[in-house]
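Let us walk through this predicted model from its overall fold to its cores and then out to its surface. Keep the sequence beside you.

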Amino acid sequence: MAGSLPMALTAQAADAPVATPAPPSSSFEIQQFHADYRPFKIGDIVPDLYRTKPYQIDAWKIRHLPAPVAGSHWTYMGGNYVLITDAEGKILRAMKGEIFYGH
């Protein structure tokens with residue numbers, strides 16, 4: 001019986017549905033990243049530093065970034081471009097920094 005237990009668990013695991021994340025709309029789009037030795041993901045609020053003018057990306061076109069939606073702007077965090085809301089700094093979208101060179 002001891003020998004059949006691992007096989008039974010393996011069969012159950014193989015039958016279980018596997019959740020797959022939704023594919024990003026671009027090969028440069030990311031769902032999570034690290035900045036300042038801390039993990040961030042879509043929906044998180046960025047530190048106030050990244051909401052200041054020196055970090056704001058106004059020239060998003062030359063960096064091959066999509067236009068920011070109303071009430072948001074691009075900022076630069078941990079080597080990535082991050083779309084955040086103007087009001088609270090909530091992360092809406094993130095793109096790998098390599099997008100600048102990818103086109």
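The secondary structure comes to one helix and seven strands. Helices (H or I, at least four residues) and strands (E, at least two) are DSSP runs, numbered from the N terminus. Along the sequence the pattern reads α-β-β-β-β-β-β-β.

Two points on conventions. Residues are numbered from 1 along each chain as its sequence is written. The model is predicted, with local features needing pLDDT of at least 70 and side-chain atom pairs counting only at pLDDT 80 or more, while totals for chains, interfaces and linings use all residues; side-chain values use heavy atoms, leaving out hydrogens and water.

Take the contacts next (heavy atoms within 4.5 Å). Among those between residues at least 6 apart in sequence, 45% join residues at least 24 apart.

How much of the protein is buried? Of its 103 residues, 28% count as buried. Buried means under 20% relative accessible area, exposed over 50%, and partly exposed in between (1.4 Å probe, protein chains only).

Now the interior. A nonpolar core is a set of buried Ala, Val, Leu, Ile, Met, Phe, Trp, Tyr and Cys residues joined through side-chain atoms within 4.5 Å. The largest one has eleven residues: Ile30, Phe33, Ala35, Phe40, Val46, Tyr50, Met77, Val82, Ile84, Ile91 and Ala94. Strand E2 (32–35), strand E6 (80–85) and strand E7 (91–96) each supply at least two residues of this core. Another core lies apart from it, with eight residues, among them Phe28, Trp74, Leu83 and Ile99. In soluble globular proteins, nonpolar side chains tend to be buried together.

Look at Phe33 in the largest core. Beyond its neighbours within four places in sequence, Phe33 touches Arg38, Pro39, Phe40, Met77, Asn80, Val82, Ile91 and Ala94.

The structure also holds three aromatic pairs. One is Tyr50 with Tyr55, edge-to-face, at 5.0 Å centre to centre and 75° between the planes. Rings of Phe, Tyr and Trp (its six-membered ring) pair if their centres lie within 6.5 Å; planes under 30 degrees apart count as stacked, over 60 as edge-to-face and the rest as tilted. Tyr50 counts as buried because its relative accessibility is 5%. Tyr55, at 28%, is partly exposed.

Finally, the surface. The protein exposes about 7,000 Å², and carbon and sulfur atoms supply 61% of it. These accessible areas come from the Shrake-Rupley method with a 1.4 Å probe. Ile62 lies in the loop between strand E4 (56–57) and strand E5 (72–77). Its relative accessibility is 58%, so Ile62 counts as exposed.
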